[in-house]
Amino acid sequence: MSSKSITDITCAIPLPARDTVLLGHGSGGRLSAELVRDIFLPAFGDPELARLNDQAVVSIGDSRIAMTTDSFVINPLFFPGGDIGSLAVNGTVNDLAVGGATPLFLSVAFILEEGLSMDVLHRVVRSLQVAAEAANVRVVTGDTKVVERGKGDGLFINTTGIGLVPAGISLSADNAQPGDKILLSGPVGEHGIAILAQREGLEFETTIESDCAPLHTLCAEILSAGAGVRCMRDLTRGGLSSALNEIAAQAKVGVELNETAIPVREEVKGACEMLGFDPLYVANEGKLIAIVAPDSAENVLSAMRRNRFGQQSSIIGTITAAHVGLVTMKTLLGTTRVVDMLSGDQLPRIC
Amino acid sequence: MKYLDEYRDSTIARALAAEIAAVTTRHWVLMEICGGQTHTIMRYGLDELLPSKIELVHGPGCPVCVTPLETIDKAIALALLPDVTLVSYGDMLRVPGSNSDLFRAKAQGADIRVVYSPVEAVRIAQANPDRKVVFLAIGFETTAPANAMAAWRAKQQNLTNFSMLVSHVLVPPAIRALLASRDNRIQGFIAPGHVCTIVGCQDYEDLAREFSIPIVVGGFEPVDLLEAILMLVKQLEAGDVCVENQYVRSVTYAGNQHAQRILKEVFEVADQKWRGIGEIPRSGLKFRSEYAAYDANLVFNLDVITADEPAECISALVLQGLRKPTDCAAFAIRCTPENPLGAPMVSSEGACAAYYHYRRHVKELA
């Protein structure tokens with residue numbers, strides 16, 4: 001290769017379209033959204049699916065049924081603040097609850113890897129049962145498959161949940177309107193950092209625990225606190241940023257956040273600084289946002305703070321008519337920046 | 001949080017911005033070298049706080065971005081060998097090579113592990129004697145000592161299944177190349193605080209004298225950068241030329257002697273290619289002959305792999321501050337972090353990616 005002077009204009013060859021599934025397709029960010037848009041939605045073309053809510057709400061006779069499904073592939077299986085069992089219940093319960101449904105029934109499907117210790121399976125099942133009791137849901141059906149050693153990561157779980165949506169409740173991201181307030185139920189980033197710390201053997205002065213929790217009572221209390229609740233989202237992989245970017249895109253509105261109003265625990269902040277992560281993109285398993293009409297916002301906020309899983313709730317921003325599809329944030333310094341959707345997983349930075 | 005909150009304090013930041021505005025009488029073009037500094041400027045919108053007479057241009061100090069295309073191609077080729085485990089820092093996995101990236105190689109079955117410390121790569125080699133473990137060792141002077149330490153440790157332990165694919169770049173030769181260019185517009189530099197924590201300030205004294213240009217060693221938080229800009233502007237307005245240290249909580253004049261010793265023990269200065277820029281003389285590090293057994297280039301005979309960067313994007317102009325990322329016709333349209341056309345869109349610390357992630361509203365709202 002000939003050597004070039006600094007004034008030469010050079011660049012890399014753009015890569016061709018993606019021909020294989022990458023880990024980033026499971027990150028909940030832009031790559032995941034591409035999969036849904038390009039492969040799943042065109043295949044099924046269902047109008048309820050196309051709403052892209054955390055759950056589908058369908059009518060059978062006079063009843064409105066909420067349905068959702070989620071697979072859990074977490075490593076490590078046990079982590080501070082939870083395990084794959086409690087996660088498999090709470091994740092699905094929360095997806096139902098943020099749709100305004102009362103969670104009622106769960107199916108649980110296990111994919112077990114040959115050689116998995118029975119003790120591990122016992123502990124996971126026991127945790128699942130305790131979590132189901134706490135969330136007031138019944139496990140009514142299930143399935144077990146075993147794959148050869150090396151073809152699974154110990155244990156995968158899928159749960160499907162069914163709940164009932166009370167009459168008069170219709171929550172969806174596309175209800176969001178300019179002027180609505182954005183309420184967040186507590187500090188962000190705990191689950192993702194807890195998992196990473198455990199998986200990578202990172203040690204901090206205090207153990208960071210996952211926020212894994214069932215949010216069905218919080219959701220019910222939000223809904224009974226005011227008529228102006230437009231939609232709710234639980235914040236999972238992709239974090240606060242992905243949830244808000246999805247709402248901005250679906251409702252064709254802008255989002256304006258206030259950085260000083262978004263709570264992040266000191267330990268999480270410290271870990272994120274060390275790894276070069278932004279807590280707005282880190283996963284949560286026990287936090288939600290509610291988009292609420294301005295005149296109901298204070299009432300709903302008070303109700304959230306009374307619930308044990310919403311004590312640190314705050315109003316973090318507003319829905320706007322400006323910059324449709326874009327999430328912006330007033331920074332600590334009073335300047336404005338974009339809070340973009342991530343392409344794939346956040347990667348630890350080199351320096 | 002100590003050492004963070006006070007450096008992100010809005011009152012202090014605004015007071016510094018006001019002082020900068022008060023002392024600025026004419027247009028000044030300043031460059032922050034390090035991608036971490038660019039990231040902070042964009043993330044906190046510091047350019048919004050500055051008077052319009054201060055123009056910030058973003059330097060080539062993103063180690064991920066400037067790693068040569070052929071190094072990425074070599075890493076991918078190595079990773080796809082059945083007996084090789086490639087170990088890397090996380091943010092290298094998304095960097096596009098000529099036809100693929102490490103994430104895709106991983107999806108094709110390559111054994112690729114992400115670590116937080118190069119010493120971890122040595123441990124992987126110890127624990128897997130049947131695997132040939134290669135560490136992709138990139139970075140500026142900041143990361144070089146830890147990488148040198150990994151090679152040193154491997155040698156101490158007589159490991160025969162460990163090697164490193166090295167692409168280390170040095171800041172002062174890059175500054176020299178920028179200043180020597182006939183198109184240079186830069187009138188003052190914010191030098192990279194973490195690089196100077198390792199190597200100290202001597203090289204920057206030489207540059208300041210040779211090119212009569214003020215240099216302030218700066219930190220990475222908003223208040224650090226505003227203070228560094230203030231110090232630079234004061235020098236420029238007064239016609240002074242010297243090296244000042246804003247980042248005193250980390251940088252000493254002599255730098256970290258232990259780190260410098262291990263660097264000299266393992267590496268020597270060599271010519272180095274920079275992605276998007278080209279070759280800069282004596283701007284990189286390579287293994288000393290005593291460490292040749294750990295040089296993946298030699299172990300795997302990788303020098304047969306070469307790559308040419310085609311001339312399409314304006315990254316060289318961006319890296320010299322001759323164009324802003326938003327001046328590029330492809331910006332945010334054909335060139336995105338998912339499909340980067342050039343080096344500065346690759347890592348979140350690259351100038352184009354920083355604009356894309358944090359400043360896109362400026363273009364959309366205009």
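Q: Where in chain B is the place of Val216(B)?
A: Helices (H or I, at least four residues) and strands (E, at least two) are DSSP runs, numbered from the N terminus. Val216(B) sits in strand S8 of chain B, which covers residues 215-218. This is a predicted model, in which local features need pLDDT of at least 70 and side-chain atom pairs count only at pLDDT 80 or more, while totals for chains, interfaces and linings use all residues. Residues are numbered from 1 along each chain as its sequence is written, and chains are lettered from A and ligands numbered from 1 in the order in which they are written.

Q: Is Val216(B) buried or exposed?
A: A residue is buried if 20 or more other C-beta atoms, placed from the backbone, lie within 10 Å of its own, exposed if 12 or fewer, and partly exposed in between. Val216(B) is buried, because 29 other C-beta atoms lie within 10 Å.

Q: Which residues is Val216(B) in contact with, leaving aside its neighbours within four places in sequence?
A: Two residues are in contact if their C-beta atoms, placed from the backbone, lie within 7 Å. With those neighbours left aside, the contacts of Val216(B) include Ile190(B), Ala191(B), Met231(B) and Glu244(B).

Q: How many residues does the largest nonpolar core have?
A: In soluble globular proteins, nonpolar side chains tend to be buried together. A nonpolar core is a set of buried Ala, Val, Leu, Ile, Met, Phe, Trp, Tyr and Cys residues joined through C-beta atoms within 7 Å. The largest one here has 218 residues, and Ile222(A) and Val300(A) have the most contacts inside it. Helix H12 of chain B (residues 222-238) gives the most to this core, with ten residues. Not counting residues up to four places away in sequence, Ile222(A) touches several residues, among them Val229(A), Ala290(A) and Val300(A).

Q: Which domains does the assignment give for chain A?
A: Domain bounds come from an automatic or database domain assignment. For chain A that assignment gives domain 1 (54-164) and domain 2 (173-338). The contact between them takes 21 residues from domain 1 of chain A and 23 residues from domain 2 of chain A. On the side of domain 1 of chain A that touches domain 2 of chain A, helix H3 (residues 84-97) gives the most, with eight residues.

Q: What does the domain assignment give for chain B?
A: Chain B is assigned domain 1 (1-312) and domain 2 (315-365), and their C-alpha centres lie 19 Å apart.
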